[in-house]
Amino acid sequence: MIAMKFRKYLLFLHIKLLIMEFKDLVQARRSHRKFTEQEVAPEELQLILRAALMSPTSKGQRAWQFVVVDDKRAIEKLADAKNMGSQFLKGAPLAIVVLGNPDSNDCWIEDGSIAAISMQYQAQDLGLGSCWIEMRGRGLSDGTPADEVMRGILGYPEDQQALCILAIGHYADERKPQNEERLKWENVAVFEDKAKD
């Protein structure tokens, strides 16, 4: 009986520790755009993808697709798929492209976004840096959509559209955790039912 209560207490402490760690993880996660040349270990990549595959989706569809790219030349080409905001990808050892099918999933953007941030939190937990690169609705100055450029590089099906690319690697830049004092609590409204009074 005592042993069982002790086990429950240890489980409670473990859960409490995990909750505290997530609070700190959220505060520590920042976008990193400079990476070392060190590769991401296969075990780390598997955990990152596991986080994406476990992420919640609308109606449990799990309809997203992920393309893992560690080929340096392909990563450099992906960095040139849009005009601005993606050149730093050339310095990342790993890119994960998040895809979805707008015709079969009206929540493909939301589902892909949840999967992407899940991967970013997992990367942070592993001591890796990441940065989201928006690709949906972006392109080159001549009007060529980024999605078209990326499909030409990676060969994914026509029914899939790119939402974003995550640049992932061992970060070479230092970022301070989020500043608690700069949180915009004024952007939060709490509904109060006046009819109760």
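Is Arg136 buried, exposed or partly exposed? Arg136 comes out as partly exposed because its relative accessibility is 34%, where buried means under 20% relative accessible area, exposed over 50% and partly exposed in between (1.4 Å probe, protein chains only). The model is predicted, so local features need pLDDT of at least 70 and side-chain atom pairs count only at pLDDT 80 or more, while totals for chains, interfaces and linings use all residues. Residues are numbered from 1 along each chain as its sequence is written, and side-chain values use heavy atoms, with hydrogens and water left out.

Arg136 pairs with Glu134 in a salt bridge, with 3.9 Å between the closest N and O atoms; a salt bridge here is a side-chain nitrogen of Lys or Arg within 4 Å of a carboxyl oxygen of Asp or Glu. Glu134 counts as buried because its relative accessibility is 17%. Searching the whole structure turns up four salt bridges. Another of them joins Asp80 and Lys90, whose closest N and O atoms are 3.2 Å apart. Both partners sit in the loop between H3 and strand E2 (94–100), ten residues apart. Asp80 is partly exposed at 37% relative accessible area, and so is Lys90 at 29%. Lys23 and Asp24 also meet through their side chains, at 3.1 Å from N to O, and Asp24 is partly exposed at 39%.

Arg30 is a different story. It lies in the loop between helix H1 (2–28) and helix H2 (42–53); helices (H or I, at least four residues) and strands (E, at least two) are DSSP runs, numbered from the N terminus. Arg30 is buried yet has no salt bridge, and the nearest side chain of opposite charge, Asp173, is 9.3 Å away. What the Arg30 side chain does have is a polar atom 2.6 Å from the backbone oxygen of Lys176. Beyond neighbours within four places in sequence, Arg30 is in contact (heavy atoms within 4.5 Å) with residues including Gln124, Ser130, Arg175 and Pro177.

The loop between H2 and strand E1 (65–69) holds Lys59, and Arg62 lies in the loop between H2 and E1 too. Lys59 has a positive phi of about 55 degrees, though not a glycine, and phi of Arg62 is near 50 degrees. Lys59 counts as exposed at 72% relative accessibility, whereas Arg62 is partly exposed at 48%.

Key: Lys and Arg count as positive and Asp and Glu as negative; His and the chain ends are not counted. A polar contact is a pair of N or O atoms within 3.5 Å; within protein, one must be able to donate a hydrogen and the other to accept it, and residues adjacent in sequence count only if both atoms are side-chain atoms.
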